[in-house]
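The following note collects comments on one model, arranged as numbered points. Please read them alongside the sequence and the coordinates.

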Amino acid sequence: MTISPDFSAASTAVAATLAVYLLVGEPWAGRRMYGSLARRRDTEPRALVRYFGLVLTLWWAFAALAAAALLLSPGTGAADFGLTAPERPGYVVTGILLATAIAVASGRNFHDLARQGKNVPGLAAIEAMLPRTAEERRLAIAVAVTDGLCAELVYRGLLIAFGVGALGLDLYAAAALSVLVYAVAGLYQGRKGVLVFALFGAMLTALYLATGSLLLPVAVHVVLSVRDLTLPAPEKPRAVQAA
């Protein structure tokens, strides 16, 4: 994979502002937002609906800024942001089918564990975001799809192109920097969340570099996010529900 983005001054300003926010502001804001949701989840019926609404707004705002950075740079093409057909379509199709099969199989296993009251790996870290009503479930799916689309455009497409075109980094150094920025976004889940985000981000970045397109990373991100955000919320004791 090779890219040669040429960022204009205006595009550099937009991308740099977003990158700084993602590195410094997003970990703090994400932790604060999730902490607030966790405190209000059992006492305010629409707390999760409002939280998902804010998350959707923020993601599409970030995606709009990424699109603006692309449009403001005449010397940068859509392919420099990963918005192109993959170099190896057969591998991409195979990867999508494999990721979907893994997500479905593991999702069924996680659902069974949850129904039996057993521990589900990683569930505690996102428990406040798990839907309990049909409306929340629809919003959870919308957030999962949006997360896959927008996060890949921003963290893989924009940040790697910014590292190469504006910071003058080697492609792989820019990719490593993008993984670092993505990893700190998991701070709302604690230290383990940072590690999980780092590993997940590294995998998605490798898929992007291997195919030259965001298609496979987006598909993998979406199916795994849908699996996680549609897990059944743990049952609360009656005393807690009454309170």
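1. A search of the whole structure, which is a predicted model, finds 10 aromatic pairs. Rings of Phe, Tyr and Trp (its six-membered ring) pair if their centres lie within 6.5 Å, and planes under 30 degrees apart count as stacked, over 60 as edge-to-face and the rest as tilted. One of these pairs joins tyrosine 155 to tyrosine 182; the arrangement is edge-to-face, with 5.0 Å centre to centre and 75° between the planes. Because tyrosine 155 belongs to helix H4 and tyrosine 182 to helix H5, the pair ties together parts that are 27 residues apart in sequence. Helices here are DSSP runs (H or I, at least four residues), numbered from the N terminus.

2. Tyrosine 155 is buried, at a relative accessible area of 1%, and tyrosine 182 is also buried, at 4%. Buried means under 20% relative accessible area, exposed over 50%, and partly exposed in between (1.4 Å probe, protein chains only). One aromatic cluster is formed by Tyr21, Tyr34, Trp59, Phe62, Tyr155, Tyr182, Tyr188 and Phe197.

3. On the conventions: the model is predicted, so local features need pLDDT of at least 70 and side-chain atom pairs count only at pLDDT 80 or more, while totals for chains, interfaces and linings use all residues. Residues are numbered from 1 along each chain as its sequence is written, and side-chain values use heavy atoms, with hydrogens and water left out.

4. Helix H6 has 21 residues (191–211) and should span 30 Å at 1.5 Å a residue; its end C-alpha atoms are 31 Å apart, which agrees. The expected span is 1.5 Å times one less than the number of residues. Just after H6, glycine 212 takes a positive phi of about 75°.

5. Among the buried residues of H6 are Phe197, Phe200, Leu204 and Tyr208. The cover over the buried residues of H6 includes helices H3 (89–115), H4 (134–165), H5 (171–184) and H7 (215–229). Phenylalanine 200, in H6, touches Tyr182, His221 and Leu224, not counting residues up to four places away in sequence; contact means heavy atoms within 4.5 Å.

6. H6 and H7 pack at an angle of about 150°, with axes 8 Å apart. That makes H6 roughly antiparallel to H7, a term for angles over 145 degrees. The residues of this contact divide into nine nonpolar, two polar and no charged. The H6 side includes Met203 and Leu207, and the H7 side includes Pro217 and Val220.

Terms used. Helix = DSSP H or I, 4+ residues; strand = E, 2+ residues; numbered from the N terminus. Axes fitted to C-alpha atoms, helices over the stretch in contact; angles between N-to-C directions. Parallel < 35°, antiparallel > 145°, perpendicular 65-115°, else oblique. Nonpolar A, V, L, I, M, F, W, Y, C, P; charged D, E, K, R; others polar.
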